[in-house]
Amino acid sequence: MNARARPVILVVDDESSNLQLLRQILQNDYALLFAKDGARALELARQERPALILLDVMMPGMSGHDTCRQLKAAPLTAAIPVIFVTALNQPEDETRALEAGAVDFISKPFNAAVVRARVRSQLTIKRQADAMRELSLTDSLTGVANRRHFYDIAIGKLLQARHSRNHYALLLVDMDRFKHVNERLGQLAGDALLQEAAARLRRVLRDGDVLARFGGDAFVLLLCEVASEERLAAVAGTILDALRQPFAPAAGAAILATASIGIALYPRDGQSVDALLSGADSAMAGAKTARDSFRFYDMALNLSSARSLELQGRFEMAMRENEFCLHYQGKFDTARGHIVGLEALLRWDHPHHGLIFPNEFIGLAEETAAILALGNWSIAAACRQLAQWRQDGLPLVPVAINISARQLRDPQLLATVTRCLAAHALAPALLELEVTESCFIDDISQAREVLERLRALGLVISLDDYGTGYSGLSHIRLLPIHTLKIDRSFIRDIAIDRNDAMIVASTIGLAHGLGLRVVAEGVESGDGRCAPGTGAGHVRPLCNRMHT
Amino acid sequence: APAGGRVLHHAGALQRWAGNDSAYRTALDRFAREHPRLPPALQAAIAARDHETLLSQSHRLRGLAANLGLEQLAASLATLEQACASPGPATAQQLDATLGTLLTQWPAALAAIARLAPPALPAATENAIDAPAARQAASTLLHALRRGELDDAAQAQLQQAMGAQADALAPLLHAIDDFDFPLAQSLLHGLLATFTPESP
């Protein structure tokens, strides 16, 4: 039954013997799923996306017609053809079936040959339609996504990006002096070069990234979940390297080509696909002057310093105007598959600039005392949210909050935490404070003392982004922490980089030896190599704007 | 089906069941168990002239009977369904006449079903239960059922692994046979809980 190479058909009927009969008729050629009512059918259709649905018309509860209408109304299931299975045989029954969105219908009592023929015929039509759809979405020369398809995917990805702590970047890749290749060697050679360039770009991409050709020699890439700008620069470098290798045409001498790349970052350089494209295009102009190079969209040329000043001047008002909010991202126990905690991610929903991520404003806040107010606000907001969830009858899991180095040195921190917990009668273990290695640069003994007192109070302390700094585990051993969170830049590449995989494996082993829990940041593969993990791929972060 | 159809058209129905005699007999067996007599609800609806209820009930039963090759039942139920689809002055009389026919046809259909041997059950073994194999098979089956799939291989492995205790699976097998996946899943959960975990 698991031979998923066979087309999957969902069979829906409230009568077991009908299901049984259709099973006998179809099971040799198809993988079958069964549902006895409309609600379950909708659920399975969304979850399993069958190639075809056989749907009984008369069912108690949600009728076949209603089920079909709902399938057709939902984007995920609208394209799945539905064949009605019915003992109704009046012409108006047929009309109603077609009006509800069915493509055909099969009459009871079943004739096995007719059932098979109708199913086969609809699957053939579906396959052809899928192929046509595929054609309409891809660039015919290179097989990568076309402009329209890129927009469709990228818009969805940018919605995901809103809740991610990582970078999303749009890269415009343009072959240098491509016009000369076409003019000197002919269009066929030019086309072959573009095909090879697309193939090389594909090899650089990871799962989840998007590659498209926008016509001519312009490729567009959307890189998702990149740990840092440095990492992004490394990817851009890899792309340039890949395209710099000689292109070997079927006949004639190898062609040497290079490319230029313009990079725009979400959300800093733009919050829509168009804005990012325009940013990457501006950056491209700079890259083109040098050729064989990449450039980031340079905010300094636009409004960077003015914007920084503006943001810095607005902290107080932003807090008053309730512009900050916490997004909650689930922490999963990858082995058991359930949420064991939440991580509060700070966002600034600026009235003019839209959503701003902490990497843009935390640094600015740290230059002033605003960082303390912001930190205190986060603690209060998370406590208030926990109390709200408790009031709503939801099961509570610990919420993790980032604490800055400066806040850790704040003599009032302990009092603030105690006050916030007491105000909502919350158990201290519901609050997890996340510190980074940078907190210990200046004065490890003072930081340790504060953490020890917080830990004694009952709070969970974890060390965030482990692996990006300089602390060895022997150093970490001195700190009163419960949990070590391994940085996503390691985790992200476990599947492809043996070195990273070894570092992670040995870190986990050593940390366990020290009695620490280990959390893998950004786990999305679900392979259970570290447990628990946090990953936007597992749970959609919740957004709650908080009032203090 | 024509009015003069057979009580039970075995060969015709078997063709519909893709020649799977065992599955066909299982379905007949279930029909006989679930409908040991003309459903009282149908009789009550005829008495009450409840056309709407009758329409849906006769429709459902007609499809069922026709699929099983119970041709005479299917024909009478079709008459009932048509009468209720467009009721007129003669409908009451039609309903009463059909009720009379059905009251004779129903036992005849059940007798015909009883004359066919019930489906063969897998022979129970004397073996002791193979807990690891049973746990594995039960987990696989549970996984399939969760996504609306049947898994005959896992089901057979489970029966095999349960050895002499395979009879305890009867409610589970009935639930699966009835496509009652929620019940089957909860029975499997119950079964899995009886096995000691593999490792602490």
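Which helix of chain A holds both A:Glu196 and A:Arg200, and how many residues apart are they? In this predicted model, the two residues both lie in helix H8, which spans residues 187–204 of chain A. They are four residues apart, about one turn of the helix. A:Glu196 and A:Arg200 form a salt bridge, with their closest N and O atoms 2.9 Å apart. Side chains of opposite charge can pair when their charged atoms come close.

Because A:Arg40 and A:Glu43 are three residues apart in helix H2, about one helical turn separates them. A:Arg40 has a relative accessible area of 19% and is buried; since buried means under 20%, this residue falls within the class. A:Glu43, at 37% relative accessibility, counts as partly exposed. Elsewhere in chain A, a network of salt bridges links A:Glu343, A:Glu434, A:Asp464 and A:Lys485. Over all chains, the structure holds 28 salt bridges.

The two chains can now be described in turn. Chain A contains 19 helices and 20 strands, and buried residues make up 52% of its 548 residues. Chain B has 10 helices and zero strands, so its elements, read from the N terminus on, run α-α-α-α-α-α-α-α-α-α. Of the 200 residues in chain B, 46% are buried. How do contacts in each chain relate to distance along the sequence? Among contacts in chain A between residues at least 6 apart in sequence, 66% join residues at least 24 apart. For chain B, the corresponding share of contacts between residues at least 6 apart is 68%.

A:Leu223 is found in strand S8, residues 218–226 of chain A, and is buried, with a relative accessible area of 2%. Leaving aside neighbours within four places in sequence, A:Leu223 is in contact with several residues, among them A:His167, A:Tyr168, A:Leu205, A:Arg206 and A:Val235. A:Arg206 sits 17 residues from A:Leu223 along the chain, and the C-alpha atoms of the two are separated by 8.3 Å. B:Gln185 counts as buried, at 17% relative accessibility. Beyond its neighbours within four places in sequence, B:Gln185 is in contact with B:Leu142, B:Leu145 and B:Arg146.

Attention then turns to where the chains meet. In the interface, 33 residues of chain A are in contact with 30 residues of chain B. Chain A and chain B bury about 2,700 Å² between them, with 51% of it on carbon and sulfur atoms. The count of residue pairs in polar contact between the chains is 12. On the chain A side, helix H1 (16–26), strand S2 (31–35), helix H2 (38–48) and helix H5 (112–137) each supply at least two of the residues that touch chain B. The largest share, nine residues, comes from H1 of chain A. By residue class, the side of chain A that touches chain B divides into 14 nonpolar, 10 polar and nine charged residues.

Charged pairs also cross the interface, where four salt bridges are found between chain A and chain B. In one of these, the side chains of A:Glu48 and B:Arg147 meet at 2.6 Å from N to O. A:Glu15 forms a salt bridge with B:Arg60, the closest N and O atoms being 2.5 Å apart. A:Glu15 lies in the loop between strand S1 (8–12) and H1 of chain A, while B:Arg60 lies in helix H4 (residues 51–67) of chain B, so the pair joins two chains. A:Glu15 counts as buried, at 6% relative accessibility, and B:Arg60 as partly exposed, at 34%.

Finally, the cysteines were considered. A disulfide is a covalent bond between the sulfur atoms of two cysteines. The count comes to zero disulfides over all chains. Two of the cysteines can still be placed by their accessibility: A:Cys325 counts as buried at 2%, and B:Cys84 is buried, with a relative accessible area of 5%.

How values were computed
Residues numbered from 1 in each chain as written. Chains lettered and ligands numbered in written order. Predicted model: local features only at pLDDT ≥ 70, side-chain atom pairs only at ≥ 80, totals over all residues. Heavy atoms only, no water. Contact = heavy atoms within 4.5 Å. Buried area = accessible area lost by both parts, 1.4 Å probe. Polar contact = N/O pair within 3.5 Å; in protein donor to acceptor, adjacent residues only side chain to side chain. Nonpolar A, V, L, I, M, F, W, Y, C, P; charged D, E, K, R; others polar. Disulfide = S-S within 2.5 Å. Buried < 20%, exposed > 50% of the residue type's maximum accessible area, 1.4 Å probe, protein only.
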